[in-house]
Amino acid sequence: MQKLRDSLEALSLGDNSFRQAVENVLADVRSDENPHGNLAPNLISLLEECCDGSGSVEQHVWDHQFLQEPLLHCSSPLRPTLRRAMAWRWFITYQVLSGSGAPSAADESEIDAWKHRLPAGRCGPLETRTLLGRTGKEDRPCWWTFDHPDCTVEEDGWCYAHQLSLGPSDIEQARLDEALVEVSIHGESVGPIFKPTSLEGFWPYTLFRPELTGADHGRTVPAEPGFAGRPEVVSASQAYSEVAKTTEEIEVRILPYREPI
Amino acid sequence: MTRAEYMDVLLKLADDGRPAPLKLLIAARVRGQVEPVDVEFGDVTVGVASPPLERDEPDHNAILYTAFSILRKEPDARGLENLRRAVKELFLAALEEEEDLAAVRMLARLVGHLRLVDSEELRPQLLNQLYAYLDMGLGLDRPFEEVLRLEGEPLDRAIVAFDVWLSVLPILPDLSQHLAAKIKAILTKSCGIVDAPQFALERQFSFLFLAFRAFTKLKPADVASEWVGEVCRLVAKHSVSRPNLKGRWLAACQHQDVVFDANPKWRDAFVRGLGSNKNRQRLQGVNGAEFFRESLKLLGVWEEAEAKLMPRPASPERVPLAA
């Protein structure tokens, strides 16, 4: 553990933006005093071994997420419906029109036309077989929230984005689009889901905090006061062409996004 | 450098019309370079490093799309035009210098996303430059119409160039008959070539769909009367061995419906061509009629097609039962 701790602390000293991410990993290590820590001893041993070799500690952390080491992570129970929110433009560009297989300049030049079909305030189904993109980026964890007694259905895009602590990229784009998209999908179509740990939440200026009470889901803690966050799980992302084999439709809600005055 | 600081620099370079550092910054971003780019501000040189991707940031282009969204809301269009010009020059240079295909594709998507088609100055330049590249720059020893006989990376580059050409081609453009005839020849040849099993590959169909869309912009009624059915036939035939092909075609139909919705004049021109004998025969045939109908539904023109091709028998005149 000492080598891992030294590497992480060196990263935090050299790049302040990783301070919270490093604190999260150190707090997430399972021990007698921290029995619900999400990083089991065998996972820590593997990370420790990597710190002997070459490469950056950030890369070692990313290489040990659930995507690469599913057996060393805590799977989460199946949920009937999983939900994911993103800026309107990101939804049309990356989920409707272009996946890794077929990104097209001609498609992207016509994104504005979709404003007539999917304006703010609209909700309804979309056929999965006509979606060319993916539920998320191919080699990264795909983050989902789900219905929970603590959370109400949110109709306001600004509130929803801040409850989920979406990143500045989504927030700024949703503000410019004046719309946030929520995609809902049958849980069974997504594949195995996992409780997110400090390894999945490891990025600069992270707002993720490891969940240490033994709950079966994680939570990203909003920076703004007054927001409690929403429960979160992670999965591998999937191409909609694969999702279409088990699910005909996804449900889409376009929430108006307006910053409070 | 934070994301917000990086964005400020990007927007300032665009607003101030400083193409050289702007191009360096964009080139570094699309290639995922983390090393800072030196940018001079007066007497001070600042190292501008591309910010790392966030948790759910889709790719390296996304931040440049956001810059576009910001600039298009500004009352002064100069910043937006400067950004578009920088992207155009980077794309053409990458294409002609045969740079890594991944970088060429990222730049191609930027050209599309930034809607160079809306630029009165840049659109005709790029259309002409790309047409010249396609006609002569590919080094083909055959007419461009037979581009689908290429294989591997040369074909991929041709597809990217044609895709970008299509993205800047306006709807119902006032172009020469010669060009319309050329695009028709490309579509005709492409349909013939992909009909052969050895050419019915994913990338060949990508090009065919682009050619179909290009001709739809030029001659929508001809496409409706003749080519929708033909492409449906080819997709149905080859999707047995390529199951994703149907989804790609139906997605293209749905996208076209959305684009038609935003351009009623274009849609009307397309609908005028639906009532052809060829379409009537296809719908009455036993092979592929259902898939053709499904495609027309996703194109959002089924009601009109049905009225033209399958007119309902006239209702018998209603006569009072008792006078």
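This is a predicted model: local features need pLDDT of at least 70, side-chain atom pairs count only at pLDDT 80 or more; totals for chains, interfaces and linings use all residues.
**Close-up 1. Helix H5 of chain A meets helix H3 of chain B.** Here you're looking at residues 88-97 of chain A and residues 62-71 of chain B, whose axes come within 12 Å and cross at roughly 130 degrees. That angle makes H5(A) oblique to H3(B). On the H5(A) side, the contact uses Arg89(A), Trp90(A), Thr93(A) and Tyr94(A). H3(B) brings in Ala62(B), Tyr65(B), Thr66(B), Phe68(B) and Ser69(B). Sort the residues of this contact by class and you get five nonpolar, three polar and one charged.

**Close-up 2. Helices H2 and H4 of chain B pack against each other.** H2(B) covers residues 19-30 and H4(B) covers residues 78-96; their axes sit 10 Å apart, at an angle of about 60 degrees. The crossing is right-handed. From H2(B), look for Leu22(B), Lys23(B), Ile26(B) and Ala27(B). Their partners on H4(B) are Asn82(B), Leu83(B), Ala86(B), Val87(B), Glu89(B) and Leu90(B). The tally for this contact is seven nonpolar, one polar and two charged residues.

**Close-up 3. Val87(B) and its neighbours.** Now zoom in on Val87(B), which belongs to helix H4 of chain B. With a relative accessible area of 1%, Val87(B) counts as buried. Leaving aside residues up to four places away in sequence, Val87(B) touches Ile26(B), Leu107(B), Leu110(B), Val111(B) and Leu114(B). How many residues apart in sequence are Val87(B) and Leu155(B)? The answer is 68, and their C-alpha atoms lie 23 Å apart in space.

Notes:
Residues are numbered from 1 along each chain as its sequence is written. Chains are lettered from A and ligands numbered from 1 in the order in which they are written. Side-chain values use heavy atoms; hydrogens and water are left out. Axes are lines fitted to C-alpha atoms, for helices over the stretch in contact, and angles run from 0 to 180 degrees between N-to-C directions. Helices (H or I, at least four residues) and strands (E, at least two) are DSSP runs, numbered from the N terminus. Angles under 35 degrees count as roughly parallel, over 145 as roughly antiparallel, 65 to 115 as roughly perpendicular and the rest as oblique. Contact means heavy atoms within 4.5 Å. Ala, Val, Leu, Ile, Met, Phe, Trp, Tyr, Cys and Pro count as nonpolar, Asp, Glu, Lys and Arg as charged, and the others, Gly among them, as polar. A crossing is left-handed if the near helix is turned anticlockwise from the far one by less than a right angle, and right-handed if clockwise. Buried means under 20% relative accessible area, exposed over 50%, partly exposed in between (1.4 Å probe, protein chains only).
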